[in-house]
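Good morning, and thank you for making time for this presentation. I would ask you to look at the sequence and the structure together as I speak.

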Amino acid sequence: GPPPAKPVIVGTSDYSNVLFGKLQRAAALWGTNLGEPTTIVCPGDNGQKLNKCLWNQFYMASPGSDGTLSQRDLLEPLSYYNDLKDTLVFLDAVSPKEESFFSKLPFMKKVEEPQIPTVNPDIIRCAAERGCAHIYVLSSSEALESCWYALEPYNGYVASTIIALDKGVTLQPTPGWTTSRPQNMEGEFVGAVALRSYNNEDPTDFGGATISVEDA
């Protein structure tokens, strides 16, 4: 069969870190044909935040020695370490960048318009040119147009999917959440799986206007 597809997650937002943990667990199950994931640590990201998420929320897991790569190293000339051929690339265009410690100080604060999160076109280009298998983007309704424009030049060259939150829907982490073990080591479900209905006329019927990052 085909070689395992390696997931590459861009950034260390709450959503991206939980996604890393879920994909790492899925890679350990027989039949998923997933490789071990890697996180791209971009400027302003916090690699320790990923470590903390995996340790506290995924039974003391860790990203491993090859589990992180800086954006700078990713964009360096092609090598064994930054080859994206046949990878699955995941980007978060919902979560805003975290403020640095200094920017939180009262005398450092500036009154600015909030920046709408979007995708990095350099990473999109790198992934497409290096032959990734698929690009997945989680987008807010406000970022949807910019994400579409970033992906459009590569339409027909690489498969891409944008999953957009409805207008007014936000993404928030669940305090104290830890992963459960719904599957045994053979990949068989050991508990029930519940589905919640979605009302297209009133999206807020879907558990309110906030979706937890663990359910996204």
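Two strands count as paired here if DSSP finds at least two bridges between them. Please keep in mind that this is a predicted model.

With that in place, let us begin with strand β1, residues 7-10. Toward strand β2, residues 38-41, β1 forms 3 bridges, and the two run parallel. Within that pairing, V10 stands opposite I40 of β2.

I turn now to helix α4, residues 121-129. At its start, a side-chain oxygen of N120 comes to within 2.8 Å of the backbone nitrogen of D122. Which residues of α4 are buried? They are I123, I124, C126, A127 and A128. The elements covering them include β1 and β4, together with α3, β5 and α5. After the helix comes G131, with a positive phi near 80°.

Finally, the cysteines. C42 is buried at 8% relative accessible area, and C147 is likewise buried, at 0%. How many disulfides does the model contain? With a cut-off of 2.5 Å between cysteine sulfur atoms, the count is 0.

Notes: Residues numbered from 1 in each chain as written. Predicted model: local features only at pLDDT ≥ 70, side-chain atom pairs only at ≥ 80, totals over all residues. Heavy atoms only, no water. Buried < 20%, exposed > 50% of the residue type's maximum accessible area, 1.4 Å probe, protein only. Helix = DSSP H or I, 4+ residues; strand = E, 2+ residues; numbered from the N terminus. Contact = heavy atoms within 4.5 Å. Polar contact = N/O pair within 3.5 Å; in protein donor to acceptor, adjacent residues only side chain to side chain.
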